[in-house]
Amino acid sequence: MGKVVFPGILCMPLKKNLKGVPSNWREVKCPKCGQACYERPIPKGYTGLEFERALCTECALKEGKKQVRCKT
């Protein structure tokens, strides 16, 4: 069975917002803005799923806002 793409953006917590993190979190840079953030393991039960991309929380929220169109 091939990999399933989970639509959406995986949010990576920003380092500036956290004081301590679990040892299995890895510090990385956001691919969009370059801020230090954390890549965390995907929860159990989601192995084999891939998100479209991973961004820091700030960039993910901005991207999501661009994609959502509200009906009034």
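A residue is called buried when its relative accessible area is under 20%, exposed when that area is over 50%, and partly exposed in between. The structure described here is a predicted model. In this model tryptophan 25 has a relative accessibility of 22% and therefore counts as partly exposed. Tyrosine 38, at 10%, counts as buried. Of the 72 residues in the chain, 17% fall into the buried class.

The chain contains four strands and one helix. Read from the N terminus, the order of these elements is β-β-β-β-α. Among contacts between residues with a separation of 6 or more, 53% involve residues 24 or more positions apart.

Strands β2 and β3 pair in the antiparallel sense, and four bridges are found between them. One of the residues involved is lysine 29, whose bridge partner in β3 is alanine 36. The two strands, β2 and β3, form a hairpin in which six residues lie between them. Glycine 34, in the turn of this hairpin, has a positive phi of about 85 degrees.

The partly exposed tryptophan 25 and the buried tyrosine 38 also take part in a ring pair. A pair of aromatic rings is described by the distance of the centres and the angle of the planes. The count of aromatic pairs in the structure comes to one. This pair is formed by tryptophan 25 and tyrosine 38, with 6.1 Å from centre to centre and 50 degrees between the planes, and it is classed as tilted. The pair links distant parts of the chain, its members being 13 residues apart. Tryptophan 25 belongs to the loop between β1 (4-12) and β2 (26-29), whereas tyrosine 38 belongs to strand β3 (residues 36-39).

In soluble globular proteins, nonpolar side chains tend to be buried together. The largest nonpolar core of the model has nine residues, namely Met12, Leu14, Val28, Cys30, Cys37, Leu55, Cys56, Cys59 and Ala60. Two elements, β4 (49-56) and α1 (57-67), each give two or more residues to this core. Methionine 12, a member of the core, touches residues that include Val28, Cys30, Cys37, Leu55 and Cys56, when residues up to four places away in sequence are not counted. Other residues touched by methionine 12 include Pro31, Tyr38, Glu39, Ala54 and Thr57.

Several cysteines belong to the core, among them Cys30 and Cys59, yet the structure holds zero disulfides. A disulfide requires two cysteine sulfur atoms within 2.5 Å. The cysteine sulfur closest to that of cysteine 30 is in cysteine 56, at 3.8 Å, and this is too far for a bond. Cysteine 59 is likewise in no disulfide, and its nearest cysteine sulfur, that of cysteine 33, is 3.7 Å away. Cysteine 30 has a relative accessible area of 4% and so is buried. Cysteine 59, with a relative accessible area of 7%, is buried as well.

Key. Residues numbered from 1 in each chain as written. Predicted model: local features only at pLDDT ≥ 70, side-chain atom pairs only at ≥ 80, totals over all residues. Heavy atoms only, no water. Core = buried A, V, L, I, M, F, W, Y, C linked by side-chain atoms within 4.5 Å. Buried < 20%, exposed > 50% of the residue type's maximum accessible area, 1.4 Å probe, protein only. Contact = heavy atoms within 4.5 Å. Phe/Tyr/Trp six-rings, centres within 6.5 Å; stacked < 30°, edge-to-face > 60°. Pairing = 2+ DSSP bridges.
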